[in-house]
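Biologist: Before we talk, could you put the sequence and the model up, so that I can ask what the terms rest on?

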Amino acid sequence: MLALHGNVGQYESMDIFAGLTAAGQAIDIAKGLRSVEKSYDTVELKMQIVDLIDKLVDVKGALQDARHEIENLRAEVAASKAWSDDLDNYELIDVYLGAMAYMPRLSAETATETPFFLCATCFGRKSKSFMQFKGQDITKTGGRGDFSTYGCETCKATIRVSYRTSPTSVRDKRLASIKLN
Ligand SMILES: [Zn+2]
């Protein structure tokens, strides 16, 4: 059915690599400091300390970036999990002759709640958007036509259904078919 595309793979841990490189350089400088210390070259010692501080600042910055990225990834994983858990609450329904919409999965609870159509296009993009009633066709003679339109405010997708078709009629038909089985 719906493929859930996580964005986790697109992240590269560049900040962690940058942090490791800077940490390695800082360690090398610290090792160098030890030999400078032995020779008592104060100018060299001061320069090395400045270098060391620079590298440690790089390490800190890289680690902060990495932490930020990990927090973003955690939030993304949580949102993705919440969406996939929520998926179970809906099912794709052939509302009328191939006009598709998502509706709440039938249960004792949803059987008594106000039913609704959710836009299948938006649902595929992990977004829930109602399909609202847009009106019944008017015939050339000004009478009421045989079809009605439901439309999504978000993506402007529409479905045309028999004028008798509504979320309630579809829900009741599905409930009846379950009782027959
Ligand atoms: Zn839509």
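Modeller: I16 lies in helix α1, residues 14-39, where a helix is a DSSP run of H or I with at least four residues and a strand a run of E with at least two, numbered from the N terminus. This is a predicted model, in which local features need pLDDT of at least 70 and side-chain atom pairs count only at pLDDT 80 or more, while totals for chains, interfaces and linings use all residues. Residues are numbered from 1 along each chain as its sequence is written.

Biologist: What makes β1 and β2 a pair?

Modeller: Two strands pair if DSSP finds at least two bridges between them, and β1 and β2 have six, in the antiparallel sense. Y90 stands opposite P104 in β2, and the two strands form a hairpin with two residues between them, where L97 in the turn has a positive phi of about 45°.

Biologist: How do you know that β2 and β3 pair?

Modeller: The antiparallel pairing of β2 and β3 runs over two bridges, which meets the requirement of at least two. Here A101 stands opposite C119 in β3.
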